Amino acid sequence: MQYGPAVRRRRLGAELRALRARAGLTSGQAAVLVGWHQSKVSRIETGASGVKPADVGLLLDAYEVQDSELRDLLLVLAGSEDGGGRQNWWHAYRGVLPPAYRDFISLESQASGIRTVETSVVPGLLQTPAYARAVTRAAVGTLEDAALDTLVEVRLARQDVLRADPPLRLNAVLDEAVLRREVGGPEVMAHQLRRILEAARLPQVRLQVLPFSAGAHIGITGPFVIFSFPSRSDLDVVVLDHLTSSLYLERKEDLWAYIEAFSALQVHALSPEDSFDYIAAMTGAV
């Protein structure tokens, strides 16, 4: 887990294996060129172990890969901070965070944009501390207070991507149920709605509300997140969250299906301006 999520390791390994074959090298020959044992090359190519961006650079040099765009792509897959990636701050929490959550944060930290549909709770990037605490307590009721504090701390640290340079672009469609559900009680929810309004004023945030009056829509099948990465649509990935696991979709057919679903939901949702007014009316801020 140290150098990025499993879904990225597998993709990187497949790309490096293809480049090695194109260079006419066996895994043993490649290992000799970079001064490694053959088993290390094999583990990287199968995605069984992570690899540092610097080591990817060594392999690309050995394979005489000159294509700068391809090199950048593979370095991003390896977790390079070039091209918009942020520091791997979550490594300090490895003993607390489950692997699926670390995968998610890794993708989030490297992404240039996120499209998300939420049907039940406020997106983590927009949660207040009190809301984050209440929703985490509800989701994992057996947590000790210290562990709960740590998860809330992580949730808030994730929000730094919206203040980075350049900032992450957040495009969110929120079902009205997200705004009506009183997580943590009326006072916590009122503060949370005001926080959403603050975020909606940011140029990198586009927020739309899908009102109950829109009726049945494709989003009722469940929330999803689409991660986009700098310059390369081949890196885009959809994440579906379940109670005990997360599903990562990278096939082009799956990506297009969710991108089209997101676009359809945007059409049925209120405009960003009307959404702002809608939430403001709920808070009495109009």
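These legends go with several close-up views of the structure above.

Keep in mind that this is a predicted model, so local features need pLDDT of at least 70 and side-chain atom pairs count only at pLDDT 80 or more, while totals for chains, interfaces and linings use all residues. Residues are numbered from 1 along each chain as its sequence is written, and side-chain values use heavy atoms, with hydrogens and water left out.

**View 1. Strand 1 and its two partners.** Strand 1 covers residues 113–118; helices (H or I, at least four residues) and strands (E, at least two) are DSSP runs, numbered from the N terminus. Strand 1 runs parallel to strand 2 (residues 169–175), and six bridges join the two; strands count as paired if DSSP finds at least two bridges between them. Gly113 has Arg169 as its bridge partner in strand 2. Strand 4 (residues 224–229) runs antiparallel to strand 1, with five bridges joining them. Look for Arg115 here, standing opposite Ile226 of strand 4. Five of the six residues in strand 1 are buried (under 20% relative accessible area; exposed is over 50% and partly exposed in between, using a 1.4 Å probe and protein chains only).

**View 2. Strand 4, covered on both faces.** Six of the six residues of strand 4 are buried, so the rest of the structure largely encloses this strand. On one side sit Phe224, Ile226 and Ser228, and on the other Val225, Phe227 and Phe229, all of them buried.

**View 3. The Arg158–Glu108 salt bridge.** The side chains of Arg158 and Glu108 meet here at 2.8 Å, N to O. To count as a salt bridge, a side-chain nitrogen of Lys or Arg has to be within 4 Å of a carboxyl oxygen of Asp or Glu. This one links distant parts of the chain: Arg158 belongs to helix 8 (residues 145–158) and Glu108 to helix 6 (residues 99–110), 50 residues apart. Arg158 is buried at 6% relative accessibility, and Glu108 is buried too, at 2%.

View 4. Arg133 pairs with Asp149 in a salt bridge, their closest N and O atoms 2.4 Å apart. Arg133 is in helix 7 (residues 129–139) and Asp149 is in helix 8, so this pair ties together parts that are 16 residues apart in sequence. Both ends are partly exposed: Arg133 has 34% relative accessibility and Asp149 has a relative accessible area of 37%. Arg137 forms a salt bridge with Asp145, and here the closest N and O atoms are 2.9 Å apart. Asp145 is exposed at 52% relative accessible area, whereas Arg137 is partly exposed at 27%.

View 5. Helix 4 spans residues 53–62, and its buried residues are Asp55, Val56, Gly57, Leu59, Leu60 and Ala62. Just after helix 4 comes Glu64, with a positive phi of about 55°.
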